[in-house]
Amino acid sequence: MFDGTDTVVLYNELAYEDVLPFAWRPLPHEPSPEVMASLAERNLRVLQFCAALEEHGPVREKVDETAPHAADLLRIELKVNLLLDLVGQILAASQQRPAALPVRFNARGIVWKATAPLPAAGTHGIAEIYLRDTLAEPLRLPGRIEGVIAQDYVEALFVPPPEPIADLIEKLAFRRHRRRIAGSRQPRRG
């Protein structure tokens with residue numbers, strides 16, 4: 001399932017793979033259109049915040065040193081990143097989060113390593129995925145359990161999210177993939 005290859009795919013599409021705080025919240029039936037609209041609004045916000053954090057995340061290694069105030073901007077960026085990390089640690093410590101589990105997901109669905117009792121095929125629920133410590137809310141994607149696959153991995157298909165959300169999830173998976181590729185090309189220091 002989680003084989004460590006560079007390209008992570010789920011349902012023939014690029015997927016995001018990590019060990020993240022995750023929970024499957026069972027529901028008696030598929031959520032109503034009103035609940036779906038509320039979830040979509042929140043998910044859009046969560047994904048936009050996540051994209052903004054990743055865009056300004058790690059300090060850029062290549063800085064245009066000829067630009068005026070380049071060193072000052074680099075120091076400010078470093079301090080903002082430190083502040084975000086500290087706030088994330090405080091938030092994570094003050095908030096009850098589910099256990100971190102191996103997950104692989106994209107806009108079509110999710111696969112995760114589950115523990116007993118495993119959800120039954122055909123049941124509905126909401127996947128709650130905490131993408132970052134600095135984000136208070138998880139990504140909440142409604143779906144239906146497809147079944148249990150090898151080694152207690154559970155597979156669920158999502159109710160197709162609105163296009164802006166699907167696009168942001170696709171971009172999230174692509175950024176993750178690009179970082180993995182870049183990391184594998186870095187010379188190892190020994």
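1. Basis and confidence. This is a predicted model, in which local features need pLDDT of at least 70 and side-chain atom pairs count only at pLDDT 80 or more, whereas totals for chains, interfaces and linings use all residues. Residues are numbered from 1 along each chain as its sequence is written, and side-chain values use heavy atoms, with hydrogens and water left out. The pLDDT, which is the predictor's confidence in each residue on a scale from 0 to 100, averages 85 over the protein chain, and 86% of the residues score at least 70. Among the elements, the lowest mean pLDDT (76) belongs to helix H2, residues 70–94, and the highest (98) to strand E6, residues 124–129.

2. Overall build. The protein chain contains 3 helices and 8 strands, where helices (H or I, at least four residues) and strands (E, at least two) are DSSP runs numbered from the N terminus. Along the sequence these elements follow the pattern β-β-β-α-α-β-β-β-β-β-α. Of the 190 residues, 39% are buried, a class that means under 20% relative accessible area, with exposed set at over 50% and partly exposed in between (1.4 Å probe, protein chains only). If a contact is taken as heavy atoms within 4.5 Å, residues 24 or more positions apart account for 73% of the contacts with a separation of 6 or more.

3. Nonpolar cores. A nonpolar core is here a set of buried Ala, Val, Leu, Ile, Met, Phe, Trp, Tyr and Cys residues joined through side-chain atoms within 4.5 Å. The largest one has 32 residues, and those with the most contacts inside it are Phe22, Leu47, Phe105, Ile110, Trp112, Ile129 and Leu131. Elements giving two or more residues to this core include strand E3 (16–27), helix H1 (33–55), strand E4 (100–105) and helix H3 (163–185), and H3 gives the most, with 6 residues. Leaving aside residues up to four places away in sequence, Phe105 touches Leu10, Ala15, Tyr16, Ile110, Ile129, Leu131, Leu139, Ile169 and Leu172. A second, separate core of 6 residues includes Val8, Leu10, Tyr11 and Tyr153.

4. Salt bridges. Where a salt bridge is a side-chain nitrogen of Lys or Arg within 4 Å of a carboxyl oxygen of Asp or Glu, the count comes to 10. Glu128 is buried at a relative accessible area of 10%, whereas Arg25 is partly exposed at 39%. Glu128 also forms a salt bridge with Arg140 (3.4 Å, N to O), and Arg140 forms another with Glu137 (3.1 Å, N to O), a residue that is partly exposed at 26% relative accessibility. Salt bridges that share partners join Arg25, Glu41, Arg45, Glu128, Glu137 and Arg140 into one network.

5. Backbone points to check. Most residues other than glycine have a negative phi, and most peptide bonds are trans. Tyr11, in the loop between strand E1 (9–10) and strand E2 (13–14), has a positive phi near 55 degrees, and Asn12, in the loop between E1 and E2, has a positive phi near 60 degrees. Tyr11 is buried, with a relative accessible area of 17%, whereas Asn12 is exposed at 77%. The peptide bond from Ala116 to Pro117 is cis, with omega near -5 degrees, and Pro117 is placed in the loop between E5 and E6.

6. Surface patch. Leu73, Ile76, Val80 and Leu84 make a nonpolar surface patch of about 340 Å², where patches are made of residues with over 30% relative accessible area and no salt bridge, like charges being joined within 9 Å and nonpolar side chains (Val, Leu, Ile, Met, Phe, Trp, Tyr) within 5 Å. Ile76 lies in helix H2, the element with the lowest mean pLDDT (76).

Definitions and conventions
Accessible areas come from the Shrake-Rupley method with a 1.4 Å probe; for residues, only the protein chains shown count as cover.
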